[in-house]
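Biologist: Please take a close look at one part of this model, the place where the two chains meet. Keep it brisk.

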Amino acid sequence: MARILVYAELDRGRLAPIGLELLARARELGEVEAVALGPGGAEAAVTLGRHGARRVLVNPDPAFQEYLAEPATDCLAALIQPEPPDLILFGFTSDSREVAGRLAGRLGVGLISNAMDVEFRDGTVVARIPYFGGAKVATYRANARPAIVLIRPKSFEPSEVGGEAEVVEVAAAIGENSRRSRIVDRRVEGQEKVKLEEAEIVVSGGRGLGGPENFHLVEELAEVLGGAAGASRAIVDAGWVPYALQVGQTGKTVRPSVYIAAGISGAMQHTVGMKGSRMIVAINKDPDAPIMRIADLGVVGDALKILPRLTEAVKARRQGS
Amino acid sequence: MKIVVTVKQVPDPNSPQRLDADNTIARDGDVVLDPGDACGVEIGLRLKEAHGGEVVLVSMGPERAREAIRKALSMGADRAVLVTDPALEGADVNTTARALAAAIGSESPDLVVCATESYDGSTGMVPPMLAEVLGLPQLTFANHVEVNGSTVSVHRQTEDGYQVVEAPMPALVAVTAGIAEPRYASLRGIMAARNKEVRTVGVADLGLEVPAPAETVEGVEDAPSRQQGEIVEDDGASGVERIMALLQAAKVI
């Protein structure tokens, strides 16, 4: 039976959802151990056990949450010896991808990043990755062992299967020289009223809005709909809105009931983060924009005119009912 | 301060791309300096302007990548190293990181600046692998960089804001595309770039062995596509009506 190690990321002591998503797939593929490093690991182990982890490896050293990547890399490199698992799964999240990258660099094994799915075929690991603007899917085979695969958030639905994990405290094994990139402060900005990843409706804006002074049109529609505002990478890069709003490959993955894309052309960078939405509405001046090809409803027109009218229409309906 | 900036030539994101018969992205189209790397070059130049020193570009790719290197040199970088070798064609991320690390390591920089991810690959794995192979701390997703004495400090983007992260130099910083608007090359810069050194090195020069790829592509198929829905022209009211009908059908209003 295949042996799989799931890297369960902790965010300041709390289990990040990606770990449970990875377990939902991993437990179908073989026998699963999870590793939860830093304070809060033992508490996380209870949840990880209910989601199918047989054993959870923990260490409460605060260095794991104070420093980027290196302490976790040291610990993982030590704990997978002498018998590395067949597969190590990470989430394709900012923190996990750095640990995965360093671990793969240290082991010299390479990795498969940005995957949507993973399985064993003829005893080796294969993973599926969006390719060529998301129009294609490429299947990669991992030739090295352990195979390291990074899975996009929200690729799998977490579900409990019951069960209790054996909790094993492992050595921190942090190297002398690994406490270097230190997190000295954390600041919150662009705090949304409704969490973008959990919103039932997301209204996102892009370059087609013309300028940062028009983004309020997106926010106002999101607010009357009880949803959250999002943004394309283009306008985050341009400094119109904070990164916290970015939907897409380098941003958040969302799966709302309705996704409204206003003035967004639909580059793969964006669409991989919202393609799983139940309904997609695109508002764009260009009928040939790629976003139109994945939209359930594409409205060819000026977002600056349509957004405020839509906001008024929703308000009127709310008052009428 | 010696600053190495990694740069890559990529297919022009603004021109249409097509696949070759073997499902690899056709490389004969328009190519540009990766827009993310242009931001890295900008940060390198600003740090040099503030602290003095030298900005050295390191790139890996075919001979043709000289075009992108020239662009970055004309922005103001001092010189460049191009890692190019037929043995590196189709290199996996592990080999890419090791080849870049070998070229960068021989420069002994104080700071290595990378883009968070390339425009064409977008897997973002080279910076952490590179940091590991070079034995450097990494400061990533940086949308603000400062150097104070022997310490580098960044604002690292997070889901709800940012972290302030600092590390002793030498270090590797991966910057986001939003960090700074890349400058335009001046005419003088373009002229000067013609005389700047672009040294090419191959795997033998770097003492590298290129192993068999750690990952291989098994196949490429069409993605399960969403059905294209309806496209309507907004005539002043119809667009809003149709969207309202959809929101009601989806039971969200």
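Modeller: What follows goes from the whole interface to one residue in it, then to a patch elsewhere on the list. The model is predicted. Chain B and chain A bury about 7100 Å² between them, and carbon and sulfur atoms give 54% of that area. The contact draws 77 residues from chain B and 86 residues from chain A. Three residues of chain B, namely B:Glu132, B:Arg226 and B:Ile243, supply 10% of the area that chain B buries against chain A, more than any other three residues.

Polar links run across the interface too. There are 39 residue pairs in polar contact between the chains, both at pLDDT 80 or more. Salt bridges between chain B and chain A number 10. In one salt bridge, B:Glu117 meets A:Arg233 at 3.3 Å, N to O. Several elements of chain B each supply at least two residues to the side that touches chain A, among them α3 (93–105), α4, β7 (138–148) and α7 (238–249).

Now B:Glu132. This residue sits in helix α4 of chain B, residues 126–134. B:Glu132 counts as buried because its relative accessibility is 13%, and the cut-off for buried is under 20%. Its side chain makes a polar contact with the side chain of A:Arg102 at 2.8 Å. Beyond its neighbours within four places in sequence, B:Glu132 is in contact with A:Thr73, A:Arg102, A:Gly105 and A:Arg106.

Last, the patch. B:Leu187, B:Ile190 and B:Met191 make a nonpolar surface patch of about 300 Å². B:Ile190 belongs to helix α5 of chain B, residues 187–193. With a relative accessible area of 38%, B:Ile190 is partly exposed.

Note on methods:
Residues are numbered from 1 along each chain as its sequence is written. Chains are lettered from A and ligands numbered from 1 in the order in which they are written. This is a predicted model: local features need pLDDT of at least 70, side-chain atom pairs count only at pLDDT 80 or more; totals for chains, interfaces and linings use all residues. Side-chain values use heavy atoms; hydrogens and water are left out. Patches are made of residues with over 30% relative accessible area and no salt bridge: like charges are joined within 9 Å, nonpolar side chains (Val, Leu, Ile, Met, Phe, Trp, Tyr) within 5 Å. Accessible areas come from the Shrake-Rupley method with a 1.4 Å probe; for residues, only the protein chains shown count as cover. A salt bridge is a side-chain nitrogen of Lys or Arg within 4 Å of a carboxyl oxygen of Asp or Glu. Helices (H or I, at least four residues) and strands (E, at least two) are DSSP runs, numbered from the N terminus. Buried means under 20% relative accessible area, exposed over 50%, partly exposed in between (1.4 Å probe, protein chains only). A polar contact is a pair of N or O atoms within 3.5 Å; within protein, one must be able to donate a hydrogen and the other to accept it, and residues adjacent in sequence count only if both atoms are side-chain atoms. Contact means heavy atoms within 4.5 Å. Buried area is the accessible area (1.4 Å probe) that two parts lose on being put together, summed over both.
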